[in-house]
Structures are given as structure tokens and as C-alpha cells.
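Please read them with the structure open.

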Protein chains: 2
Amino acid sequence: MGKGVRLCITGSEVMNGFVLDKNTQFFASELYALGYELKESRVIHDDREQILRTWKEYRETGDIIVNSGGLGPTTDDLTVDLLCEWLGDTPVYEKHAEKRTRYFFERRARDQTRAISIETALRQARIPSRAQPIRNTVGLAPGIFIPEIPFIALPGFPDEIKSMWAETLGLIEAQGVERAATQIIPIWGVGESQLFSHLPEAPDITYGVHALPWGCRLFLRTAPGNGARLAELTAVIQAKFPGQSVADPLKEIVAHLKAEKLSLAVAESCTGGLAAKQITDLPGVSAVFKGGVVTYANEAKEALVGVDPEILRRHGAVSRECAAAMAEGAARALAADIAISFTGIAGPDGGSEAKPVGTVFIGMHDARSGITRVGKFLFPFGRERFRNASVACAFLAAWQYLQGDIPTVWPLSHYEAVSKKLT
Amino acid sequence: MGKGVRLCITGSEVMNGFVLDKNTQFFASELYALGYELKESRVIHDDREQILRTWKEYRETGDIIVNSGGLGPTTDDLTVDLLCEWLGDTPVYEKHAEKRTRYFFERRARDQTRAISIETALRQARIPSRAQPIRNTVGLAPGIFIPEIPFIALPGFPDEIKSMWAETLGLIEAQGVERAATQIIPIWGVGESQLFSHLPEAPDITYGVHALPWGCRLFLRTAPGNGARLAELTAVIQAKFPGQSVADPLKEIVAHLKAEKLSLAVAESCTGGLAAKQITDLPGVSAVFKGGVVTYANEAKEALVGVDPEILRRHGAVSRECAAAMAEGAARALAADIAISFTGIAGPDGGSEAKPVGTVFIGMHDARSGITRVGKFLFPFGRERFRNASVACAFLAAWQYLQGDIPTVWPLSHYEAVSKKLT
């Protein structure tokens with residue numbers, strides 16, 4: 001292995017299991033995507049001996065050290081003091097952080113419940129005298145860069161780390177560590193093994209596949225400077241998955257609907273509100289999203305979106321006909337241009353020979369043209385993955401439809417494609 | 001520090017950022033709750049030198065080593081071979097795992113797409129000859145226990161680890177490591193600083209507070225054998241939060257409604273389907289849950305749950321009156337006994353002086369008695385936490401109501417309690 005990066009995550013709240021460490025994955029995925037090598041991540045307590053021992057062991061490897069945590073104002077925030085002890089340095093106030101801390105302290109002093117002394121508050125404005133500060137635009141504590149090691153200290157809060165990440169990457173890049181040429185290709189609606197079977201043989205390329213609820217993120221890595229080869233391969237691979245290589249279909253859908261002044265509604269049964277939840281995760285979506293119904297019970301399907309009781313009697317709630325009626329009814333009830341519906345069997349109970357657990361019918365209705373389509377799928381992956389896959393599949397299909405109706409073969413694995421026009 | 005546990009998590013998929021390591025938190029929270037001390041967790045590649053160096057360094061500490069990952073059938077699953085190399089041992093087939101692997105291999109052989117050789121498949125049935133196997137009821141690879149180190153090897157898949165955890169804990173316990181007496185108290189609807197201000201002074205107790213979207217999990221730790229003291233303190237603390245020390249109000253609500261043959265519905269605006277999603281996360285909830293509406297647009301509030309346009313005109317969608325009308329309308333439209341409603345401002349836009357971002361009205365209607373209640377809250381924590389806090393708050397209130405209406409002071413921090421009967 002060549003030179004790389006080693007992480008040290010400090011925090012007793014992680015070691016007690018109170019906090020899930022998501023920082024390792026953030027650093028790991030960012031570094032991997034940029035072609036760097038992450039060698040190791042150690043999660044340890046806010047403990048003097050443990051921290052110093054880890055730093056010293058890391059320094060012997062010659063890799064870049066990235067430490068996360070321990071930059072706050074409390075006595076268990078040890079990073080600055082330990083760095084000074086280690087390097088024989090003294091702490092000084094970083095001017096910009098000192099100014100911000102004093103400003104916030106004065107505002108906060110009015111809020112009696114949070115009063116700490118100004119001396120305590122200013123602890124987080126300190127850096128070792130020889131250090132170069134890294135600007136933190138979210139929190140008060142600056143990051144720390146010590147070129148001679150090289151050592152980078154960042155806070156533990158993910159939001160703060162993200163606000164400092166561009167500058168941090170610049171510092172890492174300036175170390176001249178060689179990095180692989182890389183390319184990331186998102187491909188919706190495909191499983192890991194299915195994707196692998198479509199990849200061109202390429203001995204000079206390392207493939208990495210990150211399986212996600214909506215499909216896969218494909219990583220290509222090759223020798224530094226081999227970027228043209230990556231661009232060529234990317235085009236070849238994307239051509240095998242027409243209409244599927246998109247970063248986020250839902251965002252595309254919302255942008256398209258906004259631009260065209262169209263509106264959206266959903267009718268959900270087995271997905272139980274997950275589609276509406278994901279849509280409303282996007283700030284500002286109220287310009288487009290009229291609303292949704294979660295018609296869990298059959299009466300709800302009749303009462304809220306006017307599904308004909310005859311359809312439920314003859315075909316059942318989990319049927320192509322019911323999915324179509326739900327989409328049409330949602331568009332009508334919510335006066336929406338486009339409506340998406342879901343009806344299926346999330347499990348663990350309720351399956352049958354003809355309609356096993358994991359069966360889902362996804363409907364889409366376009367009120368402008370009167371077109372209704374229904375796809376039938378089988379996602380027998382357990383309740384949570386079933387619901388995630390159903391929603392991802394629907395958003396991909398809706399995006400393709402709005403794009404001008406790329407002929408879709410609903411490529412998710414374990415599917416049974418019966419997409420057809422019902423009207 | 002006394003003796004404890006050290007974790008080694010191996011897996012290049014974690015080091016590439018493809019997989020979020022949740023195992024460290026699982027081990028950490030389990031061990032903490034039982035009074036053990038987790039000293040360190042190292043996440044490393046499937047790399048011979050790195051793994052061996054980590055094990056050797058760990059062994060020098062005298063702590064119990066728990067390794068996760070590297071037990072599968074592929075060539076980058078190194079745990080068994082490296083253990084044998086380290087200990088001068090040879091691998092043998094563990095009889096039970098061998099039998100299961102052969103059985104599954106024969107069934108799987110019919111599925112051409114997954115064919116691997118039986119020799120490859122059997123790699124995961126191996127353990128070092130001196131090892132004691134740990135039974136894996138989910139996957140095929142047995143766990144490994146080497147008493148002389150002591151060393152425990154588990155797979156990387158969380159489901160498999162969980163199936164082996166009880167036996168693993170027995171092995172850890174048999175090492176005679178001293179552990180603190182502990183007690184866990186869930187308290188809904190309270191923030192971290194508010195909880196701390198209510199805790200009795202107790203120099204013999206270490207408090208740990210795990211803040212969660214719904215409130216806090218409080219951990220008490222004290223010297224071994226001091227269990228009676230913990231029971232006494234637990235009663236004191238629980239008495240300060242009447243009706244709030246409950247593991248999961250939603251599960252209690254559903255159990256209560258099932259037993260009483262009552263039904264539930266929700267009407268959501270700002271929470272956008274999150275309440276319905278959480279309700280339908282529970283398998284078998286269809287016996288109780290009629291469904292929900294996500295009335296994002298004002299027209300949807302009128303069309304789906306019959307909110308009087310006059311209410312919207314005079315009081316606005318984010319109002320006590322609208323929340324009440326939504327709950328009543330949802331109970332009516334979905335023929336439910338109990339309905340819960342949400343209307344508020346998730347942000348980042350849409351706030352005003354009178355109704356800042358984070359304002360939410362939560363309504364509850366009981367169709368049996370005609371009672372409607374509305375609480376007004378302020379959760380100015382950003383979009384995601386706002387939604388989680390709103391839903392948690394509603395479930396706690398509904399549970400308290402069904403319990404016989406414990407007089408609630410809606411204790412979540414940053415609240416403005418205006419709960420009152422509207423009918």
C-alpha cells in the first residue's frame with residue numbers, strides 16, 4: 001500500500017453506544033471516491049493515554065492522520081491540550097474563532113439555562129501556536145492542521161465536518177499523496193449481481209459496487225492519469241442501462257413538475273406513507289405536492305380515493321385493477337396532474353401462492369392524458385427493503401415517464417414485468 | 001481501567017464507505033448496558049498484516065478480543081486462516097456447520113446463477129482445531145472462541161451477530177471480568193438538559209444520557225453488587241416523569257387498540273407521512289390502522305378530511321382550529337375511533353413572527369366521546385428532527401390519553417403548552 005489516511009474518532013458517547021459513528025463512513029466514502037486510500041479507523045474514548053498512543057502509532061506509518069472529536073469547550077475535549085503536550089507547543093486563541101465565540105457568548109448569556117463562563121467557552125477557540133486553522137462555518141471550534149506530521153483535527157459533529165471538508169481536502173491534496181483516477185456511476189433499479197453481469201471486462205479497471213435500496217452506485221478506479229479510459233467506459237456502461245443512470249429521480253421529478261407547473265399526489269397501501277415521507281423530505285416541495293392518502297384498510301380505499309368495491313371484491317386489494325383505481329382516485333381527490341399508487345404485501349404475513357409476500361403493484365396516472373399504467377413487481381426482501389424498493393421503483397418509473405416515456409423494462413431484479421396500459 | 005473488550009471490525013466494504021459500520025454501536029451499547037467496558041474499536045481492511053498486527057497489539061492488553069467479519073467463503077475472508085497461522089493451529093470442519101453447508105449447497109446448486117464449488121462453500125464451515133464454535137442460526141459460518149487469548153470471532157452481518165449474541169455474552173461473562181451494576185430508564189418527551197436538572201444528586205452513581213428523537217434513555221451505573229440502590233433511584237426518577245417512562249408508546253397504543261377493538265387514523269401535513277410510516281413499520285398493524293391522509297396542500301385538507309375553508313381563511317392551515325378539524329375529519333373519513341393530526345411549519349421557509357419555523361399543532365380526536373384536543377409545540381431543530389419530535393410527541397400523548405388520561409404537561413423542551421379541549 002502507498003501512502004494513505006488514518007482516522008482517529010474520539011468520543012465516549014460513541015464508545016457507550018449512545019451515538020452511531022457515521023463519520024468513518026463519511027470520510028471513507030469521500031476518500032474512496034477521490035481515489036485516496038483509507039488505511040484504518042480507530043474509535044476510542046476521550047482518554048489521554050489512548051489518544052496519544054494512537055497518534056504516535058499512526059505517525060510511524062507516515063500516513064496522514066485525521067482526528068475527529070475533542071474540539072469542544074468541556075474538560076473531556078482533549079485534542080488541543082494533547083497536541084500541545086505531544087509537540088511541546090502552547091495553545092493560542094485563533095483570532096477569528098475567538099471573535100465569533102465572544103459574540104455568541106454574549107448573545108447566549110441572556111439565556112440563563114445555558115450559561116457557561118467565557119473562559120470555558122473560549123477553550124474551543126484555541127489551537128496550538130504552530131497550527132494552521134481550518135475554518136468552521138457551522139460551529140465555533142476551528143479545525144487544526146499541523147503540516148509537519150501531517151495531522152488534521154476536525155470536530156465530531158457531522159455538519160461541522162462537512163462545512164470544513166473542502167478546505168480539508170485541499171490540505172490532504174497538498175501532501176502530494178498519489179491517488180487513483182475514479183468515476184462514480186449511479187444506476188437505479190438494478191441489483192448487484194445483475195449489474196456485475198453487464199460490466200465490460202477491463203483488467204485495468206477495479207470495479208466497486210455499492211448496493212443501495214434504489215439500485216447501485218458503481219465505482220470505477222484505475223491508475224492515475226487514466227481518466228480518458230474511464231470516460232469511455234462510463235459511456236459504454238450507461239448505454240446498457242438507458243434511463244437508469246440518474247443521481248436522484250425524485251429530485252428530477254420535482255424539478256420537472258415545478259418547471260411545467262404540474263402537481264403530484266400519492267396513494268399508498270403497503271408502503272404506508274413512505275413515498276409521501278420521502279417526497280416531503282425535500283424542502284419547498286409544497287409547490288408541487290398536493291398530498292397523499294395512506295389507504296391501509298379497504299374502506300379507506302373506497303372512502304378516500306373512491307376505489308369501486310366491486311374491484312376489491314373481484315380482484316382484491318392487491319391487484320393491478322386496484323392500483324390503477326387508487327392512482328386515478330388520488331389524482332381526482334387531490335386534483336393532481338400525476339398520481340402514483342402502491343398496493344402490495346409487505347409481510348411477514350398475508351402472502352399466498354398467487355400473491356406471495358413481496359408482491360407489489362405500482363400504478364401511475366396522468367390526468368392530462370387519462371393514461372394509467374401499472375407495473376407488478378416482486379421484492380421478497382423483508383418489510384423494510386420491500387418498501388424502499390417499491391418507492392424507488394416508482395420514482396424511477398415516474399421520472400422515465402416524464403422524460404418522454406423511455407420504454408422501460410423495469411429492470412429491478414426479481415421482477416415480473418407486466419407493465420401495460422389499462423385505459 | 002480494568003479489563004474490558006476490544007473490537008476489531010474487518011471489511012474493505014466499510015473502508016470504502018459502501019457500508020456504514022453499525023456493529024461498533026451494537027457491541028458498544030450492549031456492553032455498556034451490561035456494565036462492561038469497551039476500550040477501543042478498530043475498523044480495518046481485509047488485509048493480512050493489518051489484521052494480525054491489530055490482534056497482536058490487542059492481546060498485549062489482556063482485554064477480551066472480539067473480531068467481526070472475515071468468516072465467509074471467499075478468498076478475502078481471512079479470519080480462520082490468520083488465526084491458524086497466529087496460533088500454529090490447523091483448520092477443521094465444524095461438524096454442524098459442515099452438515100448445514102452441504103445441505104444448503106445442494107439446494108442452491110439448482111440455482112445456476114449462484115453456483116460456487118462445494119470446496120469454496122465449505123471454507124466457511126472451518127474453525128481452528130482448538131477453537132470452540134459459536135452457533136450461528138442465521139448464516140452458515142460458526143463463530144469462534146479461543147479461550148487462551150481470549151478471542152471471539154463473529155461474522156460481519158448484523159443479523160448473524162444478533163443470533164449469536166446470547167452465547168457470546170455467556171463466553172464473555174465466563175471470563176470473570178468485573179462489571180458495573182446498571183439500569184436503563186427510557187423517558188419520553190424530555191430533553192437532555194431538562195432530564196439532567198431533574199436527576200437526584202448521587203455521588204455513587206454515574207449517569208449517562210442518550211438523547212433520542214423521542215426523548216432520552218437514561219443509564220445508571222454503580223459499583224458491582226449495588227443493585228438495590230439502583231432500583232430505589234429508578235423509582236425516584238420515574239416518579240418525576242409520570243406517564244413518560246415507557247419503552248415504546250406506539251407499541252402500547254397498538255396493543256391497547258387491538259385489545260379494545262378500536263381503530264386509528266392519522267391526518268398529516270408538516271410530518272408528510274412520517275406518522276403513517278412509523279405506524280405501518282409494525283407488522284400486523286392493519287388490524288388497527290385504517291389509514292391516513294397527507295394533506296400538504298390546503299385543497300387536500302378540504303377535499304380529504306373536510307376542513308372548513310372558513311377555518312383556513314380565518315386561522316390559517318397552521319392553527320389549533322385546523323389541527324382539530326383535521327383530526328375530526330380523519331376520524332370521519334376513515335371511520336376510525338381515534339385520529340391524530342399534525343399541522344405545522346417544518347421549514348426552512350414559511351415561518352413568521354407569530355408562527356416561527358418549528359411550530360406544530362398536534363390534534364387528537366376520540367370519536368367515541370367526541371373529545372378533541374390540540375397541543376401547540378415549538379421544535380426549532382431543523383426539518384428532520386422537527387418531524388421526528390412531532391410524531392414522538394403525538395404518540396406519547398395518545399398513549400397517555402388511552403391510559404386513562406394522565407394529566408400531561410407536554411414536557412418536551414421548547415414547548416408552549418396550550419393543550420385544551422376544543423369541544
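1. Start with strand E11 (residues 215-222) of chain B. Six of its eight residues are buried, so the strand is largely enclosed by the rest of the structure. Keep in mind that this is a predicted model.

2. One neighbour of E11(B) is strand E9 (residues 181-188) of chain B. Eight bridges join the two, and they run antiparallel. Within this pairing, B:Trp188 has B:Gly215 of E11(B) as its bridge partner.

3. E11(B) also pairs with strand E10 (residues 206-212) of chain B. Here there are seven bridges, again with antiparallel strands. Opposite B:Leu212 stands B:Gly215 in E11(B). So look at B:Gly215 from both directions: its partners include B:Trp188 and B:Leu212.

4. Now turn to helix H4 (residues 79-87) of chain B. Its buried residues are B:Thr79, B:Val80 and B:Leu83. Why do they lie on the same side of H4(B)? Because they cover an arc of only 95° around the axis.

5. What covers these buried residues of H4(B)? The cover includes five elements of chain B by name: strand E3 (64-68), strand E4 (91-93), strand E5 (126-128), strand E7 (143-146) and strand E8 (151-154).

Methods: Residues numbered from 1 in each chain as written. Chains lettered and ligands numbered in written order. Predicted model: local features only at pLDDT ≥ 70, side-chain atom pairs only at ≥ 80, totals over all residues. Buried ≥ 20, exposed ≤ 12 C-beta atoms within 10 Å, placed from the backbone. Helix = DSSP H or I, 4+ residues; strand = E, 2+ residues; numbered from the N terminus. Arc of directions from axis to C-beta. Contact = placed C-beta atoms within 7 Å.
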